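User: I am new to this structure. Please show me how to read its features, one at a time.

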Amino acid sequence: RDDLSLIATMLKDENEGIRRTAMGAFVKFGTRDDLGLITGMLKDKDDVVRQTAMEAFVKFGTRDDLGLITGMLKDKDEGVRRAASEALTELATDPDAEGLLDLLADRSQGWDSIAGSHYHALCLLDRKFYCPFSPK
């Protein structure tokens, strides 16, 4: 618990390298109960910090976080969007599938990178729930 107090302090540091290190440590040593510490990091100015924060949701998140994760599919950084796609795929359950697939299908229209990320998430979820034997 003392280590997590230190990590929480490091998450507020001005230096992006320190924040990156703190996020990596959180993913290794944190728990679901500590996830609130890094929710604010999803708005960090550093792409790596936001991506690592999203990766923490893969490890510690639940279905309750799907709305927050879906919102991260609009992030300006492709790595963050890809981590959000993976988190959605990991945490979504069968009851979530239809609503998420409809939402992502609506958002995947167009030719920009954000639409492409929505399409990527749509494909991952479709594979998980409807075509589990298709090649990756």
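User: How many residues does the largest nonpolar core have, and which have the most contacts inside it?

Analyst: In soluble globular proteins, nonpolar side chains tend to be buried together. A nonpolar core is a set of buried Ala, Val, Leu, Ile, Met, Phe, Trp, Tyr and Cys residues joined through side-chain atoms within 4.5 Å. Buried means under 20% relative accessible area (1.4 Å probe, protein chains only). Here the largest core has 36 residues. Phe26, Ile38, Met54, Ile69 and Leu88 have the most contacts inside it.

The model is predicted: local features need pLDDT of at least 70, side-chain atom pairs pLDDT 80 or more, while totals for chains, interfaces and linings use all residues. Numbering starts from 1 along each chain as its sequence is written, and side-chain values use heavy atoms, without hydrogens or water.

User: What does Ile38 touch, leaving aside neighbours within four places in sequence?

Analyst: Contact means heavy atoms within 4.5 Å. Ile38 contacts Leu11, Met23, Phe26, Ala53, Ala56 and Phe57.

User: How do the axes of helices α2 and α4 cross?

Analyst: Two packed helices are described by the angle and the distance between their axes. Helices are DSSP runs (H or I, at least four residues), numbered from the N terminus. Axes are lines fitted to C-alpha atoms over the stretch in contact, with angles from 0 to 180 degrees between N-to-C directions. α2 (residues 16–29) and α4 (residues 47–60) come within 9 Å and cross at roughly 10°. They are therefore roughly parallel (angles under 35 degrees).

User: Are Phe26 and Phe60 buried or exposed?

Analyst: Both are buried.

Key: Helix = DSSP H or I, 4+ residues; strand = E, 2+ residues; numbered from the N terminus. Parallel < 35°, antiparallel > 145°, perpendicular 65-115°, else oblique. Buried < 20%, exposed > 50% of the residue type's maximum accessible area, 1.4 Å probe, protein only.
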